[in-house]
Amino acid sequence: MQPLTTMNRRNFVQLASLTAGAAMLPGVAHAAASSAATLPPLPYAFDALEPHFDTLTMQIHHGKHHAAYVAGLNAALAKAPDLAGRPPDDLLGSLPGLADEALRTSLRNHGGGHWNHSFFWQTLAPAAQSGKPSGKLGTALDAAFGSMTGFRQAFGEAAAKRFGSGWAWLIIHDGKLRITSTPNQDNPLMKGLVPDADLGTPLLGLDVWEHAYYLHYQNRRPDYIAAWWNLVNWPAVSKRFEASSGGR
Ligand code: MN
């Protein structure tokens with residue numbers, strides 16, 4: 001698998017003609033004429049996460065919700081040509097300096113939505129390939145949260161308690177692992193928009209918007225969270241940790 005930063009950078013700046021139709025067909029939206037964001041194909045089949053995440057939810061979540069963030073981001077970037085083509089982390093970090101509030105909000109919501117979902121797909125894996133944290137990450141999780149059980153409890157609580165729509169995150173900041181959560185499509189990279197206490201490099205993220213689980217789990221967010229643990233792509237998360245300051 002490609003490193004996430006490489007993938008995101010490519011997807012953000014890839015030359016593409018983004019039409020609604022093309023955006024819904026993974027692998028089709030590429031190679032055209034402007035520096036538009038494109039919908040990255042899922043790195044597995046829509047039904048690969050069954051029975052924990054059902055096929056229809058995955059199709060709608062990726063092909064409609066994520067696609068809408070990509071389209072919204074491109075509509076916003078059309079009004080800010082100097083920002084188009086910037087690496088995504090850069091773009092999110094530069095938002096506080098934007099004077100146009102409507103544009104800033106649009107980039108925050110849609111740019112955040114695109115970043116968060118691209119990240120989410122990469123940190124999921126079919127249950128058989130979920131694996132476990134590497135030795136280094138396992139040791140760091142034990143040190144930060146007492147045990148793997150302690151980590152799962154604290155993370156699950158952050159995800160369950162996020163009121164309304166948002167995300168739960170495992171982040172690393174100054175070499176320390178921390179759990180946090182953000183509302184809407186905000187994320188821990190949004191310096192100047194998100195409280196400093198919640199900032200850091202995301203290692204793992206969980207989407208707790210109802211659109212992520214309502215079809216299958218209805219209002220039972222805790223059941224969705226419990227199912228999600230079966231699908232965490234621990235090799236990918238471990239790689240991110242080991243590439244970060246805390247893993248060295
Ligand atoms: Mn979502």
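Along the chain, the donors of the manganese ion follow the spacing H-x55-H-x89-D-x3-H. The model is a predicted one. The protein donors are His61 (NE2), His117 (NE2), Asp207 (OD) and His211 (NE2). They lie 1.9 to 2.1 Å from the manganese ion. Asp207 has a relative accessible area of 0%, so Asp207 is buried. His211 has 17% relative accessibility. Buried means under 20%, so His211 also counts as buried.

Asp207 brings us to the sheet, since strand E3 covers residues 201-207. The sheet is open and has three strands. Their order is E2-E1-E3, and the pairing is antiparallel. Strand E2 (176-183) and E3 stand at the edges. Each has a single partner strand, so one side of each is left without a neighbour in the sheet. On average, neighbouring strands are turned by 20° against each other, direction ignored.

Now take the pairing of E1 with E3. Strand E1 (residues 166-173) and E3 run antiparallel and are joined by six bridges. Leu170 has Leu204 in E3 as its bridge partner. Ile172 stands opposite Thr201 in E3.

How enclosed is E3 by the rest of the structure? Six of its seven residues are buried, so E3 is largely enclosed. Helices also meet the sheet. H5 lies across E1 and E3, and runs at about 90° to E3. Helix H6 (residues 135-145) packs on the sheet as well, touching E1 and E2. The direction of H6 makes about 75° with that of E2.

Next, helix H9 (residues 221-228). Which of its residues are buried? They are Arg221, Tyr224, Ile225, Ala227 and Trp228. These residues cover an arc of only 160° around the axis, so they sit on the same side of H9. The buried residues of H9 pack against helix H5 (101-122), H7, E3 and H8.

Aromatic rings come last. A pair of aromatic rings is described by the distance of the centres and the angle of the planes. A search of the whole structure finds 17 aromatic pairs. One of them joins Tyr69 and Trp209. Their centres are 6.5 Å apart, with 80° between the planes, and the pair is edge-to-face. This pair links distant parts of the chain. Tyr69 is in helix H3 (residues 55-77). Trp209 is in the loop between strand E3 and helix H8 (214-217), 140 residues apart from Tyr69. Tyr69 counts as buried because its relative accessibility is 11%.

Phe151 and Trp234 make another pair. Their ring centres are 6.3 Å apart and their planes stand at 65°, so this pair is edge-to-face. Which parts does the pair tie together? Phe151 lies in helix H7 (residues 148-161) and Trp234 in helix H10 (residues 234-243), so the pair ties parts that are 83 residues apart in sequence. Phe151 counts as buried, because its relative accessibility is 0%. Trp234 is at 4%, so it counts as buried too.

Finally, one aromatic cluster is formed by Phe53, Trp115, Phe119, Phe120, Trp121, Trp167, Trp169, Tyr213, Tyr217 and Tyr224.

Technical notes
Residues are numbered from 1 along each chain as its sequence is written. This is a predicted model: local features need pLDDT of at least 70, side-chain atom pairs count only at pLDDT 80 or more; totals for chains, interfaces and linings use all residues. Side-chain values use heavy atoms; hydrogens and water are left out. Rings of Phe, Tyr and Trp (its six-membered ring) pair if their centres lie within 6.5 Å; planes under 30 degrees apart count as stacked, over 60 as edge-to-face and the rest as tilted. Helices (H or I, at least four residues) and strands (E, at least two) are DSSP runs, numbered from the N terminus. Buried means under 20% relative accessible area, exposed over 50%, partly exposed in between (1.4 Å probe, protein chains only). The arc is that of the directions from the helix axis to the C-beta atoms. Contact means heavy atoms within 4.5 Å. Two strands pair if DSSP finds at least two bridges between them. Axes are lines fitted to C-alpha atoms, for helices over the stretch in contact, and angles run from 0 to 180 degrees between N-to-C directions. Donors are N, O and S atoms within 2.8 Å of the metal (3.2 Å for Na, K and Ca); water is not among the atoms, so sites may look incomplete.
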